[in-house]
Each structure stands twice: as C-alpha cells, then as structure tokens.
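Subject: Structure handover

Hello,

Here is the structure I said I would pass on.

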Amino acid sequence: QVQLVESGGGLVQAGGSLRLSCAASGSIMSVNAMDWYRQAPGKQRELVAGFTSGGSTNYAESVKGRFTISRGGAKNTVYLQMNSLKPEDIAVYYCHAVVRPLGSVSFTHYWGQGTQVTVSS
C-alpha cells in the first residue's frame with residue numbers, strides 16, 4: 001500500500017502565505033514524479049506545480065512568481081510554498097505522485113486526500 005499524506009492547508013488573508021507538505025509512504029520501490037494539483041468549486045482539477053523529467057520546475061501561469069515547489073531532504077516528500085495568496089487560489093489542493101510499488105514492474109498514479117486552502121479578501 002502506498003499513501004500520500006498532505007498537510008498545511010487552512011485559512012489565510014489575501015496576501016498571506018501557506019506551505020503545503022506531502023509525504024509518500026508505504027511499500028515504495030521508487031517515486032518517478034511528485035506534483036501539486038488543485039480543484040476549485042465547479043472547475044476541473046488543474047496542475048499547479050511540478051517537476052519536469054529533466055528536474056526543472058513547471059508552474060501554472062496563474063501562480064508563477066508566487067508559488068514554489070521543492071523536494072524535501074527525504075526523497076519522497078514535496079512542498080508547495082504559496083505566497084501572495086489571492087481569493088482565486090481558493091481550492092482543494094492535491095498531492096499527486098507516480099510511484100513504482102515494491103514488487104511491481106510498473107508505475108501507478110496516487111493521489112492525496114486533498115487539503116483545503118481558503119483565502120479571505
């Protein structure tokens with residue numbers, strides 16, 4: 001079993017900051033990718049930030065310059081630093097990982113349970 005556990009969401013005033021964390025745990029052989037998505041009410045889930053196959057970062061246009069994705073010291077952790085938050089950032093944020101479980105020859109997509117981010121204007 002593989003689990004993604006997120007933390008760090010909450011309520012913040014416009015212009016404030018939050019830091020989301022995600023840790024992958026369980027029977028993991030390797031992690032190919034970890035990134036962050038979000039889903040606002042009535043909208044489709046969208047990629048917020050991730051790492052390209054070459055190791056560089058990739059951001060949605062709406063968050064460039066305000067959000068920063070980073071990896072933790074432990075290989076299976078990823079963070080999302082969110083600064084200058086706006087009401088339009090309100091959404092449930094999901095951690096996503098592509099994982100090769102122990103004993104498997106293929107990679108599987110996993111999702112965290114989601115963490116709510118609310119920004120008051």
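Predicted model: local features only at pLDDT ≥ 70, side-chain atom pairs only at ≥ 80, totals over all residues.

Aromatic residues

Two aromatic pairs were counted. One joins Tyr37 and Trp111, with 5.0 Å from centre to centre and 70° between the planes, and it is edge-to-face. Tyr37 belongs to strand β4 while Trp111 belongs to strand β10 (residues 108–111), so this pair ties together parts that lie 74 residues apart in sequence.

The other pair is Tyr94 with Trp111. Their ring centres are 6.5 Å apart and their planes stand at 85°, so this pair is edge-to-face. Here the parts tied together are 17 residues apart in sequence, because Tyr94 lies in strand β9 (residues 91–101) and Trp111 in strand β10. Taken as a group, Tyr37, Tyr94 and Trp111 make up one aromatic cluster.

Charges over rings

Tyr94 has a further contact, with Arg45: the charged end of Arg45 sits over the Tyr94 ring, 3.7 Å from the ring centre. Elsewhere in the list is Phe51, whose face has Arg71 lying over it at 3.9 Å from the ring centre.

The largest pocket

Rolling a probe the size of a water molecule over the atoms shows where empty space is left. In this model, the largest pocket holds about 220 Å³ of space. It is lined by 13 residues, and those closest to its centre are Ser30, Val31, Asn32, Lys75 and Asn76.

Which strands supply at least two residues each to this lining? They are β4 (28–39) and β8 (77–82). The largest share comes from β4, which gives seven residues. Sorted by class, the lining has seven nonpolar, four polar and two charged residues.

Regards

Key:
Residues numbered from 1 in each chain as written. Heavy atoms only, no water. 1 Å grid on protein atoms, 1.4 Å probe; cavity = no way out; pocket = protein on both sides within 12 Å on 5 of 7 lines; lining within 4 Å. Points joined across faces, edges and corners; volume = space filled by probe spheres on them. Helix = DSSP H or I, 4+ residues; strand = E, 2+ residues; numbered from the N terminus. Nonpolar A, V, L, I, M, F, W, Y, C, P; charged D, E, K, R; others polar. Phe/Tyr/Trp six-rings, centres within 6.5 Å; stacked < 30°, edge-to-face > 60°. Lys NZ or Arg CZ within 6 Å of the ring centre and 35° of its normal.
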